[in-house]
Amino acid sequence: MTTLLHEQIQMLLDENRDHECEGVGRDKICVRIEAIAELPSRFGDFQIIAFSNTRDHKEHVAIVRGDILGADDVPVRLHSECLTGDVIGSLRCDCRDQLEAALKMIGKMDKGIVLYLRQEGRGIGLTNKIRAYSLQDAGLDTVEANRALGFRDDERDYAVAAHMLMSLKVRSIRLITNNPRKMAQLAELGIVINNRIPHMMEPNEYNRFYLETKAVKSGHWIDLRGRRHLPEQTDRAIIEGMSQEAIEALDG
Ligand SMILES: [Zn+2]
Ligand SMILES: [Zn+2]
């Protein structure tokens, strides 16, 4: 596997030092590459690229494998940060399963990118996400909790992601998603998407609530202890072994 070479890294850093542009999307977001380093991981060897942006102080990162500069058909996964899921292994969402599945998949490929977007709780922030959990714990109408967690400005994430891909000089991508609508939104921002790669997760003891037929039939994600799980990523991942009926129910 070829990686970004020292000269390429230096070139990217030099170019980005004074980068300014008219910005991407409605909010005219501009990002800059700030730092690049090797990132060997349990999922394979990657490089990690830190970005700054003109909107806020969030430090978005790209986890990159292979020589993606000027490349076509690069597999790309967008992941929204979830401290409780990604780091702590919370079972209230499937974020960690989704992230691990993407890193495992790309770790076996010659090239690919995970954009790790610092949009905790679908952009509402950690505290509000925990408030939404708390509403659920109190047994209040979960529609309210759902709404608190679900309200977000998708456009902003996609603009950041689109500019990150442009900064990395990716010419075209294959988006790892189960949500074709997501492709249209990224495409509107100028990203060339040649294909979609379904995002399949391996079944494990933690995501079995998706596979529970009754729960899926009722249109809710309810685990065996009766707790509902809210989707925190922008699309719902599919677990190997799910029936077509169950997959369709996820979109309802
Ligand atoms: Zn820019
Ligand atoms: Zn989560």
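Visitor: Which residue in β3 does I49 stand opposite?

Guide: In this predicted model, β2 spans residues 44–53, and β3 spans residues 61–65. These two strands pair in the antiparallel sense over four bridges. Within β3, the residue that stands opposite I49 is A62.

Visitor: What is the bridge partner of R32 in β2?

Guide: Strand β1 covers residues 31–41 and pairs with β2 in the antiparallel sense over 10 bridges. A hairpin of two residues joins β1 to β2. In β2, R32 has as its bridge partner S52.

Visitor: How many disulfides does the structure hold?

Guide: A disulfide is a covalent bond between the sulfur atoms of two cysteines. The chain includes the cysteines C21, which is partly exposed at 38% relative accessibility, and C95, which is buried at 0%. The number of disulfides in the structure is zero.

Visitor: Is C95 buried or exposed?

Guide: The relative accessible area of C95 is 0%. Buried means under 20% relative accessible area. Because 0% falls under that cut-off, C95 is buried.

Visitor: Which elements give two or more residues to the nonpolar patch?

Guide: The nonpolar patch on the surface is formed by L83, V87, I88, L126 and I130, with about 430 Å² of accessible area together. One of these residues, L126, has its place in helix α4 and is partly exposed, with a relative accessible area of 31%. The elements that give two or more residues to the patch are α2 (83–87) and α4 (126–137).

Visitor: With which side chain does E232 make a polar contact of 2.4 Å?

Guide: E232 has its place in the loop between α9 (213–217) and β9 (238–239). E232 is buried, with a relative accessible area of 2%. Its side chain makes a polar contact of 3.3 Å with the side chain of K129. The contact of 2.4 Å joins the side chain of E232 to that of Y133.

Visitor: Which residues are linked with E232 in a network of salt bridges?

Guide: The side chains of E120 and K129 meet in a salt bridge of 2.7 Å, N to O. Both E120 and K129 are buried. The residues linked with E232 in the network are E120 and K129.

Visitor: How many residues apart in sequence are the parts that K169 and E15 tie together?

Guide: The side chains of K169 and E15 meet in a salt bridge of 2.9 Å, N to O. K169 lies in the loop between α6 (154–167) and β6 (173–176), whereas E15 lies in helix α1 (residues 6–17), so the pair ties together parts of the chain whose separation in sequence is 154 residues.

Visitor: Is E15 buried, partly exposed or exposed?

Guide: The relative accessibility of E15 is 40%. Buried means under 20% and exposed over 50%, with partly exposed in between. Because 40% lies between these cut-offs, E15 counts as partly exposed.

Visitor: Where does D137, the partner of R92 in a salt bridge, lie?

Guide: The side chains of R92 and D137 meet in a salt bridge of 3.0 Å, N to O. The pair links distant parts of the chain, 45 residues apart, with R92 in the loop between α2 and α3 (95–107). R92 counts as buried at 16% relative accessibility, whereas D137 is exposed at 54%. The place of D137 is helix α4.

Visitor: How many salt bridges does the count come to?

Guide: Among the salt bridges are those of K169 with E15, R92 with D137, and E120 with K129. The count of salt bridges comes to 10.

Definitions and conventions. Residues numbered from 1 in each chain as written. Chains lettered and ligands numbered in written order. Predicted model: local features only at pLDDT ≥ 70, side-chain atom pairs only at ≥ 80, totals over all residues. Heavy atoms only, no water. Disulfide = S-S within 2.5 Å. Buried < 20%, exposed > 50% of the residue type's maximum accessible area, 1.4 Å probe, protein only. Pairing = 2+ DSSP bridges. Patch = residues over 30% accessible without salt bridge, like charges linked within 9 Å, V, L, I, M, F, W, Y side chains within 5 Å. Areas by Shrake-Rupley, 256 points an atom, 1.4 Å probe, with all protein chains shown as cover. Salt bridge = Lys/Arg side-chain N within 4 Å of Asp/Glu carboxyl O. Polar contact = N/O pair within 3.5 Å; in protein donor to acceptor, adjacent residues only side chain to side chain.
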